[in-house]
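Subject: Structure handover

Hello,

I am passing this structure on to you. Please open it alongside this email and follow along.

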Amino acid sequence: MKAAQPVLRILLFFSCLLLSSHAAGAAGVASAHPLATKAGIEILEKGGNAFDAAVAVTAAIAVVEPSGSGIGGGGFWLMHDAFTGKNIMVDGRETAPGKAHRDMYLDEAGEVIPNLSVDGPLAAGIPGEPAAIAWISSVHGNLSLAENLAPAIRYAEEGFAVGEHYQRLMQFRHEVVKASPAAAAIFLDDGNVPEPGWILRQPDLAKVLRALAIEGFDGFYRGEVAETLVHGVQEAGGIWTLEDLADYRVRIREPIEVQYRDMKVTSAALPSSGGLVMAIALNQLAKVELDTLDELAHKHVLVETMRRAYRDRAAYMGDSDFVDVPIARLLGDEHATNLQQSISISKATPSSDLEPVHQDNPKGSDTTHFSIIDNEGNRVSATLSINYPFGSGFVPPGTGVLLNDEMDDFSSKPGVPNVYGLVGNEANAIAPGKRMLSSMSPTFLETEDRIAVIGTPGGSRIISMVLQGALAFHAGASAEKIVSKPRIHHQYLPDRIQYEPDAFTAKEIVQLYVKGHQLHPRGRTWGNMHTVILNKASGEIEAASDPRGEGQASVIE
Ligand code: DON
C-alpha cells in the first residue's frame, strides 16, 4: 500500500488538473420537482455558484413541494468549497422552543397523548431553514439573497399545478390540514383534496419570502413576520415566543468522514445520525471479503451490518450540544471488529440477542433531497424536512408558512414509539433549545475517478438507502442505476428485513428465511433519491432523479 503512494500522489495531481479543466465545464442539479431544478439551473446560468443554486432550490422546493420541506422547517446542507477544498455541514435543524420540556406530550398518568407531537402548533420546532439559507447566501453565494429567492417568490405568486404526489400525501393528511383554517384556505380546494392540475397559489408565503429576501435573518426571525408567526402559534395553543425565534442560530458542523476501501464518504454529523450510522455499517463491511461472497451472502451481511449500526443509533445518539455521544469509540476499529465478528454468515442474529436498548422504526414517505455540482466543482447535498407529510398541518394565519412537526423526532417518553415507530432513550429526550435526532443523510462520495453528491428522504430508511447508494457507486454504477436500484432495509427493531418489490429473487427470500431472517415485503417502493456525479477525468456530469418520484435532473454542458 505504501509503495503505491507516490503513484497516488501523481494521480491526485492529475485529478486536480482535470478538476480545474472542469472549471469551464458542466454543472448539474437534481431535485424532487422540475420547477425546483429549473430554479437551480436559472441561478447557475445567471452566474450563481452551487451555494446560490442551493438557496434557490431550497426556497423553490419549499413552494412547489410543500408536503416535504419548507421555511417552516429545517434541514442539513452539506457543502464542498472547491476553492478551499473544505467540507462543512450547515445545520438548520429545528430546535425545541424555550417552553418545551421532556414530558410535554404526556398526560397526567404519564402516558403519551396521541398525535400531540405530530399535529398542530404544539408539534412544531423553531424553524431553521430561513436562517440557513440567509447564512449560505451571505457567506458563500455570489448573488444576493433576493436574486436567489426570486424564482421561489415567482412560483408562490403565480402558482403552479400540483401533481399526484401532492394529491396522495394530502389524502393522508387531509383532516389535519382541514383543522387549520389558514392551511385549509391555501392547500385545499374548497376544503377538498385537490386533483392533479389544480393551481396552488401562496401569496402570503411570497410576502414572507420577500421579507427574508430584503432583510435576511431579521425578515423572518424578528419584526412583523416573527410577531405574526408567534401570535398565530400561541392563539392556537402553541408555546413559541419571540425570543425563541430571535435566538435561533444555524450551527456549522464538521461532517462525518469515513474511508471505505478506496472511497471517501462524507456525510451528516449529529444531530443527524446519518453519517455515524453509515460509517458504523461501512466500517463493518470493510472487514468482510465481499468479493468471496455470493449475492445472497452479500445481502445477508449487509442486513446484519445495518442491524448493528441502527442499534448504536438507538442506544447512543442525540444532539451532541446537549449529550455526550461516544463518537470516537463508535467509529473506532475495535468497535467495527467486535460488531463484524459477531456476524454469522450462516444465520441471522435475532435483534433480541444484541444488548437491548429502546429503539426505532419509521415509515416516512416525505421530506426532500437535492444534489448540485457547479462548473467550478463546488457541491451541495441537502436533505430538508418538515417531518410528516405537510408537517404539523398548521399555518399561522397571514403567514402562509406551514409549520413542521419535527418535535416528534424527539423521544416523548423512553420506549414509546413516535409516528415512525421510533423509540428513543435519554440522549434524545426533549429539552429547551435542543435539536431532535435526525436520520437525514446528505452525502458526498469520492473514488479515484468519480465524485457523487447523493441523498434521499425516507425517515430512518434514509441511512440504509444512502448506504446502498454508496455501495452501488463504489461498484461503478451509473447515476441512473444508483437511484433506481431496489432497496432493502433493517433497523434493528422491529427485527425484520423490509424490502421493495424486486429487491430479492423468490429463491433468495426462501434462503433468507432459512437463515432465520424475518421478512416484511413493503409491497410498494420508498425513497426519492437524487444524485449528481462528476467524472474527474472527463469533467463530465451525469445526474439522475429517482424514478419513484416526480423529480428532475438537469445538466448544463
Ligand atoms: O429528520 C428526520 O430524520 C425525519 N424528520 C425525516 C422524515 C422523513 O424523511 C419523512 N419521510 N420520508
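This is a predicted model: local features need pLDDT of at least 70, side-chain atom pairs count only at pLDDT 80 or more; totals for chains, interfaces and linings use all residues.

Start with α4, residues 129-140, and α5, residues 145-158. Their axes come within 9 Å. They cross at roughly 130°. Angles over 145 would count as roughly antiparallel, and 65 to 115 as roughly perpendicular. The crossing falls between those ranges, so α4 is oblique to α5.

Which residues meet there? On the α4 side they are I133, A134 and S137. On the α5 side they are L145, N148 and L149. Four residues of this contact are nonpolar and two are polar. None is charged.

**Serine 351**

Next, go to S351. This residue sits in the loop between α15 (333-341) and β9 (368-373). Is S351 buried or exposed? Its relative accessible area is 1%. Buried means under 20%, so S351 counts as buried.

The side chain of S351 has a polar partner too. It reaches the backbone oxygen of Y492 at 2.4 Å. Setting aside neighbours within four places in sequence, S351 contacts R307, H490, Y492, L493 and D495.

**Strands around β11**

Now find β11, residues 443-446. This strand pairs with β8, residues 263-267. The pairing is antiparallel and has three bridges. Within it, V265 has L445 in β11 as its bridge partner.

β11 also pairs with β12, residues 450-455. These two run antiparallel as well, joined by four bridges. F444 stands opposite V453 in β12. What links β11 to β12? A hairpin does, through three residues.

Look at β14, residues 497-499, beside β15. They pair in the parallel sense over three bridges. Y499 has P521 in β15 as its bridge partner.

Over to you.

Best wishes

Conventions: Residues are numbered from 1 along each chain as its sequence is written. Side-chain values use heavy atoms; hydrogens and water are left out. Axes are lines fitted to C-alpha atoms, for helices over the stretch in contact, and angles run from 0 to 180 degrees between N-to-C directions. Angles under 35 degrees count as roughly parallel, over 145 as roughly antiparallel, 65 to 115 as roughly perpendicular and the rest as oblique. Contact means heavy atoms within 4.5 Å. Ala, Val, Leu, Ile, Met, Phe, Trp, Tyr, Cys and Pro count as nonpolar, Asp, Glu, Lys and Arg as charged, and the others, Gly among them, as polar. Buried means under 20% relative accessible area, exposed over 50%, partly exposed in between (1.4 Å probe, protein chains only). A polar contact is a pair of N or O atoms within 3.5 Å; within protein, one must be able to donate a hydrogen and the other to accept it, and residues adjacent in sequence count only if both atoms are side-chain atoms. Two strands pair if DSSP finds at least two bridges between them.
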